[in-house]
Amino acid sequence: MPEGHTLHRLAAHFDKTFGGTAVRASSPQGRFAGGAARLDGRVLTESEAHGKHLFLGFDSGEWLRVHLGLYGAWTFGDADGERHLGAPRSEGAGRADLEHDPDGFVVPPEPVGAVRVRLVNSSGWADLRGASACEVITADDKRAVQDRLGPDPLRPDADPERAWHTVSRSRSSLAVLLMRQDVIAGIGNIYRAESLFRAGLDPRTPGRELTRERWDALWADLTGLLRDGVRDGYIITTRPQDRPDPEAYPVPRPDTLYVCYRTGEPCRVCASPVAAAELSGRTLYWCPGCQA
């Protein structure tokens, strides 16, 4: 499932490529035909993310809310071809001359697969597939969704006190609390495991046993890691001194994480075998040596 940094990258990309332009909306799959009709011809005025939710605002005052879930993804197309956000452009490929309809909108290629939503403007298109939620909502509906979410460390309105209020009173483990979107919005399995490792915290520690000092450090580190994810386009949590080649850039994918997906491999810091266990339907990873 995409984590919070991906949604903020998507919001920024929509601002850059669709912001301020009229949009032609359709539902090639058919499941979103009614919603697409409400957005068709409207101007996309703003884009924002909160946790794992993407909100696209239109001049009608309505919003398109998308939650990608486990399998959802946006693809974007323009004169350079079609690709996922952050994917490299094809080497040596020239820019294509795009066909436009009489109203000035790009004529995109036929959709491939089950495209729930297709948004088109004068310079490109965006296709959504596999999302767990996709709906047109009012501004009041949007506020109601956000009121149910915890603070998102990437948002300027994030209030870590709200999260601390819940964490500091809870008997639940830190591993459980960090995955609750009503505690901190945008944290998924990778950031959960990696941030707890970097903090040297046993993931099984009850929230109420965490000191305020260690909470403040954990929040600050999560914020920095998420911002790095927005900048880099993928999650890098290892510190340079813990990688085989501290100067390698970009960081090779196998060297980007401390514990996630490394079950049984030696810890990069203490060489203890990385442990894993199922917790609330997800795999939790940790180092028994560094996080004792």
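Which residues do ring pairs link into a cluster? They are Phe14, Phe18, Trp74 and Phe76. Before I go on, this is a predicted model, where local features need pLDDT of at least 70, side-chain atom pairs count only at pLDDT 80 or more, and totals for chains, interfaces and linings use all residues. Residues are numbered from 1 along each chain as its sequence is written, and side-chain values use heavy atoms, with hydrogens and water left out.

Back to the rings. Rings of Phe, Tyr and Trp (its six-membered ring) pair if their centres lie within 6.5 Å; planes under 30 degrees apart count as stacked, over 60 as edge-to-face and the rest as tilted. That rule gives eight aromatic pairs. One of them joins phenylalanine 14 and tryptophan 74, edge-to-face, with 4.9 Å centre to centre and 75° between the planes. Phenylalanine 14 is in helix 1 (residues 4-18) and tryptophan 74 is in strand 5 (residues 73-78), so this pair ties together parts 60 residues apart in sequence. Helices here are DSSP runs (H or I, at least four residues), as are strands (E, at least two), numbered from the N terminus.

Are these two partners buried or exposed? Phenylalanine 14 is buried, at a relative accessible area of 0%, and tryptophan 74 is buried too, at 3%. Buried means under 20% relative accessible area, exposed over 50%, partly exposed in between (1.4 Å probe, protein chains only).

Two rings also have a charge over them, meaning NZ of Lys or CZ of Arg within 6 Å of the ring centre and within 35 degrees of the ring normal. Lysine 142 lies over the face of phenylalanine 55, at 5.3 Å from the ring centre. For arginine 253, the charged end is over the ring of tyrosine 234, 3.8 Å from its centre.

Last, the overall build. The protein chain has seven helices and eleven strands. Buried residues make up 50% of its 292 residues. Its C-alpha atoms fill a box of roughly 65 × 45 × 30 Å, taken along the principal axes.
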